[in-house]
Amino acid sequence: MDFACLGKEELCNGETARRLGNEYLYQSMAQACIETFNTYHVKKIVVNCPHCFNTVKNEFVQFGGRYEVIHAADLVRRLIAEGRLRVPAEFQKKTVYHDSCYYGRFNEVYDEPRAVLGSAGAELVEMKRHRRFGMCCGAGGGRMWIEEDPDKRVNLLRTDQALESDPEVIAVSCPFCMTMLSDGIKAKDLEDKVQTLDVMEIVDRVTR
């Protein structure tokens, strides 16, 4: 595939600043991103973060940034369907998928990550709260950087929900969710029993 990376010119889109209420900072960051994209005549952007996906796809339009935004799992799903990428079904682990807020309820992206996991051979199971009834990992809305009451941590509650299905792997498609659920597994001292992996990590493992 013909692609390019911006390297040091790739700036944060400012999503967290907006969620935390610093609209001025967000708009400054968003406009800087758009200027860089437009300098290189960018038309299509591939992301592996739901926060970036939602912001660049749905909010950059406010500042003239109009791009085709594709999340990585959907790209891989398309390549598999077109016969351009072979993903051996060798990841035969009991896997529960956590729907991130910005892929799931905000943008109705549910099937693509699951399809990729299926192609990789994962034995997919579901939490009771999944798809449009899924629950936040605890990092959304800028809460990744807000200290919570130790007895009421959302990530621990969501980790408990994932563990109800007795998985070997908790699969995610978001770096925020990865951090929160990994921390939840660590807090429960289950690192030797349950892995937290990004869907793209799983694809990488079976295609090496």
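Predicted model: local features only at pLDDT ≥ 70, side-chain atom pairs only at ≥ 80, totals over all residues.
Residues are numbered from 1 along each chain as its sequence is written, and side-chain values use heavy atoms, with hydrogens and water left out.

Although Arg131 is not a glycine, its phi is positive, at about 50 degrees. Arg131 counts as partly exposed because its relative accessible area is 30%; buried denotes under 20% relative accessible area, exposed over 50%, and partly exposed in between (1.4 Å probe, protein chains only). A positive phi, near 55 degrees, is also found at Glu108, a residue other than glycine. Glu108 belongs to the loop between E3 and H5 and is exposed, since its relative accessibility is 64%. Most residues other than glycine have a negative phi.

The loop between E3 and H5 also holds His98, which is buried because its relative accessible area is 1%. The His98 side chain forms a polar contact with the side chain of Arg158 at 3.0 Å; such a contact is a pair of N or O atoms within 3.5 Å, where within protein one must be able to donate a hydrogen and the other to accept it, and residues adjacent in sequence count only if both atoms are side-chain atoms. With neighbours within four places in sequence set aside, the residues in contact with His98 (heavy atoms within 4.5 Å) include Met127, Cys136, Cys137, Ala171 and Leu181.

Helix H5 (residues 111-119) contains the buried residues Glu112, Pro113, Arg114, Val116 and Leu117. The buried residues of H5 pack against strand E2 (68-71), H4, strand E3 (94-97), strand E4 (123-125), strand E5 (169-172) and helix H8 (199-207).

Beyond residues up to four places away in sequence, Phe91 touches Ala120, Gly121, Ala122, Val169, Leu197, Ile202 and Val206.

Lys93 lies in the loop between H4 and E3 and is partly exposed because its relative accessibility is 30%. Lys93 and Pro167 are separated by 74 residues in sequence and by 8.0 Å in space, C-alpha to C-alpha.

The largest pocket has a volume of about 1,100 Å³. On a 1 Å grid over the protein atoms alone, a pocket is an open set of points where a 1.4 Å probe fits, with protein on both sides within 12 Å along at least five of seven lines, and lining residues have an atom within 4 Å of a point. Grid points are joined across faces, edges and corners, and the volume is the space filled by probe spheres set on the points. The lining of the largest pocket consists of 30 residues, with Ala4, Lys44, Ile45, Val46 and Val47 nearest the pocket centre. E1 supplies the largest share of this lining, four residues.

How values were computed:
Helix = DSSP H or I, 4+ residues; strand = E, 2+ residues; numbered from the N terminus.
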